[in-house]
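Subject: Structure handover

Hello,

The structure I promised is below, and my notes on it follow. Please read them with the model open.

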Amino acid sequence: MNIMTVESISKSYGEKVLFENASFGMEDQDKIGIVGVNGTGKSTFLKVIAGMESTESGRVTINNGLRIRYLAQNPPYDPEATVLRQVFDGGGEELQIVGAYMNVLEQLETHPEDEAVLEQLIHLNQELERLDAWSLESEAKNILSKLGIHHYDALMGTLSGGQRKRVALASALIQPSDLLILDEPTNHIDHDSITWLEQFLQKRRGALLMITHDRYFLDRVANVMIELDHGSLYRYEANYSRFLELKADREEREAASEDKRQNLLRRELAWIRRGAKARTTKQQARINRFEQLKNDGPGRRDEAMDMSAISSRLGKQIVELDHVSLTLGGKELIHDLTYHAVPGDRIGIVGPNGRGKSTLLNLVSGRLVASEGNVVTGQTVKFGYFTQEHQEMDESMRVIEYIKDVAEVVETADGSKISASQMLERFLFTPASQWTPISKLSGGEKRRLYLLRVLMGAPNVLLLDEPTNDLDITTLTVLEQYLDEFPGVVFAVSHDRYFLDRTCDRIFAFEGEGQVSIHAGNYSDYEERIADLAKIAKAANAPVVAPKAVEPAPVKEKAPAPDKNAWRNKVKFSYKEQLEYEQIDKNIADTEQKLVDLASDMEKAFSDSVRLQELMAEQTATEKHLEHLMERWTYLTELAEKIQQSQN
């Protein structure tokens, strides 16, 4: 069922056209992901749909009674409200009634005999019954905990920006709505929370319209993709993977059309020039046709950011962490961490929020000093630190001034020299936009500009703290390609699973209080290894349950042929079988424990390739041995059942 129709809407800021004559319809089960380069108006587009901004032309038609819930990229909040009160404030009728009920309960604690308060409490009780909203508080607490918020009485003013965003997300999710609009819902939440949110939105009934740059998230949740490109809107009935294929097909058709237009333009130009002396006798229609071809301009093609790696020479000694521990505010965030970085390292840092991931980057960079152990940095190391917040950005500066403040000319890996202006063009800042004050850029454009400034400093050790927040997919793709060629070392804190899979070959995982474990491979390898360890540990601790007895097959009246199932006719164990039967459970348990120990040894030997290969070979042999033991266990157990039946 159609719930909304967008007809020919247009929006611009000054001379910049965000979208023009954009149209699409939305069904009640559509889950739409919106993509596009930063600055193309994605967030503005959502605000128009939500009725928070007007358009210059066109209209948005919404079904009567359609309930819309909107999560802004930077949602407002009351610094004096508790987390739970903030979830209920500003919502629909159900949430407002629950919020009012909680407020009255607080008043009742200080004025227990106030009749007006008691009457209001009775009234709100009736309203909660009418709306069937009694379960909302427990639902809110459950969603908050899934998003990593556990202190429901904490004041909003004491929370970090990421925590406040998660509280706002919880409010949006608990609010009953027919259309849920989310602007960057995956920013500031950890991997477990993102996985939970994926599953929640997959199961949720109702329409969804969202902006996110998490490509795995788009692939698993969206069934429709909308691309904003050069002011135009393109709709694809597909998830993200299929969208990439369809987009490539569209661009190929546009490129062919542009080549045809250029060839026609050249022929028309030759015709015009041949008859320059007799212009007044030319066919006016053909001259008009030439002018039209010339004015049509090129077809819309993606402006690709192309950037060779820029870095300084890096010596043998880079960053060495020797038995490093750090305690802040009485809490040990890092305990006894040892690692020596080598050229080409790509280290992804993962773990729940608040465990110390950004703190580790500050230790590496020297912004913090270890409580125990040593952090040694090589003399040739030049850090480039891309932080979550770009506080040092002076928004009164113009774009090109901000980049020239670092370097006016840089030398790339291939030896060519590129000016600051040329680098800005490669980062999609046109010559005209380079003179724009930073204050007029979108949030994503500021992040892109800040990233360029970090790279322009020619670092050889990159520290990236949540680099995927607020960066569009095009920019992320180019950053990933840049890191492919980057000869130095990268430490990246990220909750973007695709980015970690694409760029990292080592994972530092914050898995417990202060415990940082080191794993070889990318994030998916790490997830798979953890899942395997959990299965093995579960199997090792699980009680052995004997299968049900199997009735023997009837024996036909003919000479018996050799049969692998002939054991079913046996009525007693052999001496060796009796010994094996008595020891089989212990042997299985010991073998399962050996697999657990081998997995642990493999983690410790990640930097010793020879030892790692030996352990992998031993693991394969042990797994085969376990399979053999399980087959013997089945044989011996069923034989024991047979013997028991024959004795009854």
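Asp 470 sits in the loop between strand 17 and helix 15; helices (H or I, at least four residues) and strands (E, at least two) are DSSP runs, numbered from the N terminus. This is a predicted model, in which local features need pLDDT of at least 70 and side-chain atom pairs count only at pLDDT 80 or more, while totals for chains, interfaces and linings use all residues. Residues are numbered from 1 along each chain as its sequence is written, and side-chain values use heavy atoms, with hydrogens and water left out.

Asp 470 has a positive phi, near 70°, though the residue is not a glycine. Most residues other than glycine have a negative phi. With a relative accessible area of 21%, Asp 470 is partly exposed (buried means under 20% relative accessible area, exposed over 50%, partly exposed in between, with a 1.4 Å probe and protein chains only). Glu 466 is in the loop between strand 17 (461-465) and helix 15 (473-485) as well. Its phi is also positive, about 50°, but Glu 466 is buried, at 4% relative accessible area.

Next, a helix pair. Helix 5 (residues 136-146) packs on helix 6 (residues 161-174) at an angle of about 135°, with the axes 9 Å apart. Axes are lines fitted to C-alpha atoms, for helices over the stretch in contact, and angles run from 0 to 180 degrees between N-to-C directions. Helix 5 is therefore oblique to helix 6 (under 35 degrees is roughly parallel, over 145 roughly antiparallel, 65 to 115 roughly perpendicular, the rest oblique).

Leu 136, Glu 139, Ala 140, Ile 143 and Leu 144 of helix 5 meet Val 167, Ala 170, Leu 173 and Ile 174 of helix 6, contact being heavy atoms within 4.5 Å. In helix 5, Leu 136, Ala 140, Ile 143 and Leu 144 are buried. These four cover an arc of only 100° around the axis, so they lie on the same side of helix 5; the arc is that of the directions from the helix axis to the C-beta atoms. After helix 5 comes Gly 148, with a positive phi near 85°.

Val 364 lies in helix 11 (residues 357-365) and is buried, with a relative accessible area of 1%. Leaving aside residues up to four places away in sequence, Val 364 touches Val 319, Leu 321, Val 375, Thr 377, Phe 383, Leu 463 and Phe 491.

For the whole protein, there are 19 helices and 20 strands, and 46% of the 648 residues count as buried.

Regards
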